[in-house]
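Here is a short briefing for a reader who is meeting this structure for the first time. Please look over the sequence and the model before reading on.

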Amino acid sequence: SILQIFKVESTKFKFTHAFIRMIQEKHLTFTINLLVSLFFLTVLIIPKGYNYAPIILSAIGLIYFIPLKKKLSFSSEDKKLIFSFLFYFFTFLLSIIINKDGIREIDNPSRLLLFIPLLLLFKNFPIKRKTILYAIPSSALITGCVALFQKFALGYEKPFPETMHIQMGNIAISLATFSIVITLHFFIKKQYKSTLFGFVAIILAIITSALSGARGGWIGLPVVVGIILFLYKEFINKKLIIALIAIITIGLTALITSPKFGIEKRYNAAKSDIVSYLEKNNRNTSLGARFDMWENALIAIKEAPIFGHGSDGYDEFRHKQVKSKQMAKTTLNFGSLHNQYLESWVKRGLVGFIALILIILTPIFFFIKNLNTHNLETKCICILGIIHIVSHIFYFTSQSFLAHNSGNIFYFFSYVVFYCLIKREKITR
């Protein structure tokens, strides 16, 4: 009958529609995983490469969820993350209102708002764990090869000149420590070819950081490596730990003693700057100027402890201190305080400092909370999250890391990726 034919055709249509939608979603999942991979692969080797993948992914998130009026459901953990993002952004907005900063001040932190739709996007189109486990060491390896080529074949003074060298050096250290975590994961899983691949990636990422000329990121490296070994202690034996430490020690010794990398020269320069500042109060060296800025930052904090001076207000404060000879003139050559904690408090007050602490504690508590698992992949991602935050705690002491787009996006996007991977595992468990 006509009614039966209609039912059959209707069923066929629904099946075809569902099949097409499944294919579309499969392609979208593939595209999202590809873009996440490209973020790590291009973060340094392409000028402003850290921008493209997160922006495209955020656009996909907005296009997919807002016009189609998808149901917005956030867990309590999601809400904590979103609150920390919004509060951090709000402190910049508050500084514009109270300290009369320019609207340009919210350009960098406003990127955080674009990352919120990623929580929903990655929930519906999940990132595959293999994407991260292979994209990161691949990025470390490729980045290291390009850095060596630029330095020794093209004769660049420092590789990746489009990215500020301190930012580049710190990001390279992160790629190295991420690769250590993933390499140990491969070893525990007895994937020995991937383990070898990971070891090469670690060495090349460390070389990249060495070539950058940046020193700050190396300060926390022993602590971060120690945390990694401690968190994996039940899975690895003493022989492996000794072997890993020996390889890293030999590699670092080779880098330090080789004049081509200039590490020993930079170490001696740093030592000389510190001695000169402590014994002769010489504030006209690279480190001397930083110490002078930090010392004067404490004075600035006392003057405006709650809401800070704002960016323009701090510039006025600096010029006043230089004019009265309480601050070295060389400090005017620095675009930031080279300390994220002081920068947040000086410019946005106690409110800004609390916001900074919030975006540190919120993720690290989440990763620690989910660390106790028998699933090796989930444990690996949790450790990646922990050392990502711990590494940045050290970066923040010698660099205003989040004041640069590269640091801002690398910190928050990587955090969101690791967070969503763990959340997805909890849903499917």
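Ser194 counts as buried because its relative accessibility is 14%, where buried means under 20% relative accessible area, exposed over 50% and partly exposed in between, with a 1.4 Å probe and protein chains only. This is a predicted model, in which local features need pLDDT of at least 70 and side-chain atom pairs count only at pLDDT 80 or more, while totals for chains, interfaces and linings use all residues. Residues are numbered from 1 along each chain as its sequence is written, and side-chain values use heavy atoms, with hydrogens and water left out.

**Around Ser194**
- Ser194 lies in helix α7, which covers residues 192-212; helices are DSSP runs of H or I with at least four residues, strands are runs of E with at least two, and both are numbered from the N terminus.
- Leaving aside residues up to four places away in sequence, Ser194 touches Tyr134 and Phe186, a contact being heavy atoms within 4.5 Å.

**Helix α11**
- The 18 residues of helix α11 (residues 286-303) should span 26 Å at 1.5 Å a residue, and this agrees with its end C-alpha atoms, which are 26 Å apart; the expected span is 1.5 Å times one less than the number of residues.
- Among the buried residues of α11 are Leu287, Arg290, Asp292 and Ile301.

**The whole protein**
- The protein has 15 helices and 0 strands, and buried residues make up 54% of its 429 residues.
- Of the contacts between residues at least 6 apart in sequence, 78% join residues at least 24 apart.
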